[in-house]
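Work through the exercises below with the model open beside you. Try each task before reading its solution.

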Amino acid sequence: MDDHIQQAWQFYKSLGSPKFICAPMVDQSELAFRMLTRKYGATIAYTPMLHSRIMTESKSYKDEFFTTCPEDRPLFAQLCGHDPQVLIKAALMIQGQCDAIDINLGCPQGIARKGLYGAYLLEKREQVLTIVKELKQNINVPVTCKIRVFKDRKRTLDLTKDIQEAGCSILTVHGRTKEQNKDFVGQCDWTIIAEIKQLIQIPVFANGGIYTWSDVERCLQETKVDAVMSSEALLENPALFSGEIKDLNDLALEYMQFAKQYDARLAEIKAHLFKLLYTGLQIFTDLRSKLGSAKTYEEHLEVVIELKNKRADVPKEDKLGWYKRYQNFKQPQNNKDKSLQKLENIIQQQDLLIQKNDPQ
């Protein structure tokens, strides 16, 4: 075992060999939400994707989007970008407040194509490897990577070996291609993740295809990965890694307490509540309208409390449902109610929030 592989495992074990991970999510894996997931079993959390160029050009960007606290560890800070020197400069700004710098090589959104980062940067193999090597040589914390896969399995496998050799300490693999996105999301391929885990020697995390606790257990068993990462399933159920179904109305109230403690932005609060309270808001459309128009923390909290009281007798299992929106999403039937139509569109578009935060 060469020195890099040995150091990668020493690093992973120094974190406590964590198995349950809160994914990096734009406008959604902020400090308040991370702390909620940690309370219910997440053993590593990632920051939202941070744009390296904007971070180096705007102090207010870092102050607004990179927030943490002593209890927020282990923490991996995810950066996007294609210029090694800019990525290094951004990493140096935050390396003292996190345990690793993660390179985003998985974002499939159109904005990533425009900025040449995320899954689109994977097409530039030599550039990716240069970024990993340069970061490893110039920062004081380990470098990790999060990728999507190619349709060509051999190309995927070859790239993961190269990324390992370039100095990556942990590789997270989302078992979908960049084309599998939005309406074309499709099944996550755990078999390619299993092949990668068997092929490379550094710790491997699996991402994609997780909805329930049984999915977490099955993914660990079928892929033999070292940890499982969840994104959208955690947004609906932040207690996913507890192995139990918690009452989402209670979790929404707990989130609001964390949001106040850690000064979450209103855009983050609103987005989380639309997911946590999704099934109830489909029934109590007056509260859905009220949530959509809420402009203060207190107005958002009022909706949470009111909906909790209205659904006190509803079984916990029946409050789940937002994550299934790809299968059963329906538009409002009342065409006269344009405000409700607009709110439904907001729910569908939460994954595109990056487009309003990236000034490119």
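**Exercise 1: a residue in helix 1**

Isoleucine 5 sits in helix 1 (residues 3–14); helices are DSSP runs of H or I with at least four residues, strands are runs of E with at least two, and both are numbered from the N terminus. The model is predicted: local features need pLDDT of at least 70, side-chain atom pairs count only at pLDDT 80 or more, and totals for chains, interfaces and linings use all residues. Residues are numbered from 1 along each chain as its sequence is written, and side-chain values use heavy atoms, with hydrogens and water left out.

Task: decide whether isoleucine 5 is buried or exposed, then find its contacts.

Step 1. Set the cut-offs: buried is under 20% relative accessible area, exposed is over 50%, and partly exposed lies in between (1.4 Å probe, protein chains only).
Step 2. Isoleucine 5 has a relative accessible area of 1%, so it is buried.
Step 3. Contact means heavy atoms within 4.5 Å. Leaving aside neighbours within four places in sequence, isoleucine 5 is in contact with Gln164, Gln201 and Ile202.
Step 4. Check the C-alpha atoms of isoleucine 5 and glutamine 201: they are 196 residues apart along the chain and separated by 6.6 Å.

**Exercise 2: a loop residue**

Task: locate phenylalanine 150 and find what it touches.

Step 1. Phenylalanine 150 lies in the loop between strand 6 (143–148) and helix 8.
Step 2. With a relative accessible area of 12%, phenylalanine 150 is buried.
Step 3. Not counting residues up to four places away in sequence, phenylalanine 150 touches Leu122, Glu123, Arg155, Thr156, Leu159 and Thr177.

**Exercise 3: cores and the whole chain**

Task: find the largest nonpolar core, then step back to the chain.

Step 1. A nonpolar core is a set of buried Ala, Val, Leu, Ile, Met, Phe, Trp, Tyr and Cys residues joined through side-chain atoms within 4.5 Å.
Step 2. The largest has 110 residues, and Ile163, Leu171 and Tyr255 have the most contacts inside it. Helix 12 (residues 248–261) supplies the largest share of this core, seven residues.
Step 3. Another core lies apart from it, with seven residues, including Cys80, Cys107, Ile111 and Tyr117.
Step 4. Helix 13 (residues 266–276) is mostly covered, with nine of its eleven residues buried.
Step 5. Of the chain's 360 residues, 57% count as buried. The chain has 19 helices and nine strands.
Step 6. Among contacts with a separation of 6 or more, 71% join residues 24 or more positions apart.
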